[in-house]
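Some labels used for a structure rest on a cut-off.

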Amino acid sequence: RQWLYGYHGTAADNRVVRATVDSTADGWRLGAVETVVTGIPRANTHNGGRIAFGPDGMVYIATGDAQNVGAAQDPEQLGGKILRLTPDGRPAPGNPFGNAVYSLGHRNVQGLAWTADGTMWASEFGQNSWDELNRIDAGRNYGWPAVEGLAGDERFRDPVAVWPTAEASPSGIAAVGETVFMTGL
């Protein structure tokens, strides 16, 4: 069975849904849509929305802070995070906070990818100074809103690379072997 996953906004929240995709004699048929996760904060900007399956078969969902910067530091809120769920929407076993949250302290992640060695990478919009490429580890705090760019503070994981926000806003990323490729807006 094949599934199609989507991230979309409603009047109340952002959410992830899925539907079966079946091949028919007339082409492809989309099955009934079912909800995977609700309650992701929504705003005019900073909504995140990247979905990717990791090498562990789990669904990773990048959420933005939805202009509520304090949410990014709260492990009980879904905004400003990378979430890790089972394909049907339950928190994945072994998540560091005992809920859907995999990492926190994000402003607006735009891309997710894994290199051949299993390392997870994320591209992230900065606010005023620095956009980031981050190596993602379970349970780590990436600093937003206390930090934008390099902090040199052991409480937060520093980005692998930063560049001024005026140069190129990051978008999706892909990994081939040990190389990460990033697109810019």
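The questions that follow concern a predicted model.

Q: Why is Gln110 called buried?
A: A residue counts as buried when its relative accessible area is under 20%. Gln110 has 14%, so Gln110 is buried.

Q: Where does Gln110 lie, and which residues is Gln110 in contact with, leaving aside neighbours within four places in sequence?
A: Gln110 belongs to strand β8, residues 109-114. With those neighbours left aside, its contacts are Arg50, Ser123, Phe125, Pro170, Ser171 and Gly172. Contact here requires heavy atoms within 4.5 Å.

Q: What makes Gly126 a buried residue?
A: The relative accessible area of Gly126 is 13%. The cut-off is under 20%, so Gly126 is buried. Gly126 sits in the loop between β9 (120-124) and β10 (130-136).

Q: Which residues does Gly126 touch, not counting those up to four places away in sequence?
A: Gly126 touches Arg107, Asp131, Glu148 and Thr165.

Q: How do you know that β2 and β3 pair?
A: Two strands pair if there are at least two bridges between them. Strand β2 (residues 14-24) and β3 have nine bridges, so they count as paired, in the antiparallel sense. One of the partners in β3 is Trp28, bridged to Ser23.

Q: Why are β1 and β3 called edge strands?
A: The open sheet has three strands in the order β1-β2-β3, with antiparallel pairing. β1 (2-9) and β3 (27-40) each pair on one side only, so they are the edge strands. From one strand to the next, the twist averages 25°.

How values were computed: Residues numbered from 1 in each chain as written. Predicted model: local features only at pLDDT ≥ 70, side-chain atom pairs only at ≥ 80, totals over all residues. Heavy atoms only, no water. Helix = DSSP H or I, 4+ residues; strand = E, 2+ residues; numbered from the N terminus. Buried < 20%, exposed > 50% of the residue type's maximum accessible area, 1.4 Å probe, protein only. Axes fitted to C-alpha atoms, helices over the stretch in contact; angles between N-to-C directions.
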